[in-house]
Amino acid sequence: MQQNEFITIVSPFKDKLFRLAKRLLVSTEEAEDATQEVLVKLWTKNDSLSELKSVEAMAMTMTKNYCLDQLKSKRANNMTIVHNNYTDNQASLQQKLEDEDSLSWVEKIINDLPEQQKLIIQMRDIEQYEFEDIAKILEMNETAIRVALSRARKTIREIMTKTHNYGIG
């Protein structure tokens, strides 16, 4: 496979790899390193890429595994999962403050979720992956993905409701 062919295959999803890495590693530099590392690994396997059913799924799995390895390593002790892709340019100042507060709460709640639920929330609700693709990437049953997603959303909803209704009633 030539370099141009490789770039054509990888270009449509390389940003998704970066966003997943950034979601897991927080640091932009670490996410860039992770993305570059995965792309290098893909390039070394470029002769066998045409045999794969989904290069994107393979790349996402490689990114997830690389990031989890980094999180487990000594130099990643202070890294946390954060989501900061939300902006609302049309809202009033009051609404912006409320939205920022709610987002902050959701981030804290997501950080307290089990690792698997964090990944599923990221892939399904943020990256908009289909259940089938998530199941391939995480090597899980689709039903288990749906159950974990449901539990994660329920946990987030319950804690947010409790937080926003504090002192009422």
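This report describes the confidence of a predicted model and several of its salt bridges.

**Confidence.** Across the protein, the mean pLDDT is 83, and 86% of the residues reach a score of at least 70. Among the helices, α7 (residues 131–138) has the highest confidence, with a mean of 92. The lowest belongs to helix α5 (residues 93–112), with a mean of 84.

**Salt bridges.** The count of salt bridges in the model is eight. The table presents some of them, including the pair Glu115 and Lys118.

| Glu115 | Lys118 | 3.8 Å |

Glu115 and Lys118 both belong to helix α6 (residues 115–126) and are three residues apart, so about one helical turn separates them. Glu115 is partly exposed, as its relative accessibility is 31%. Lys118, by contrast, is buried, because its relative accessibility of 12% falls under the 20% limit.

**The pair in helix α8.** Helix α8 (residues 142–164) contains both Glu142 and Arg146, which are four residues apart, about one turn of the helix. Glu142 has a relative accessible area of 32% and is therefore partly exposed. Arg146 is likewise partly exposed, at 44% relative accessibility.

Notes:
Residues are numbered from 1 along each chain as its sequence is written. This is a predicted model: local features need pLDDT of at least 70, side-chain atom pairs count only at pLDDT 80 or more; totals for chains, interfaces and linings use all residues. Side-chain values use heavy atoms; hydrogens and water are left out. pLDDT is the predictor's confidence in each residue, from 0 to 100. Helices (H or I, at least four residues) and strands (E, at least two) are DSSP runs, numbered from the N terminus. A salt bridge is a side-chain nitrogen of Lys or Arg within 4 Å of a carboxyl oxygen of Asp or Glu. Buried means under 20% relative accessible area, exposed over 50%, partly exposed in between (1.4 Å probe, protein chains only).
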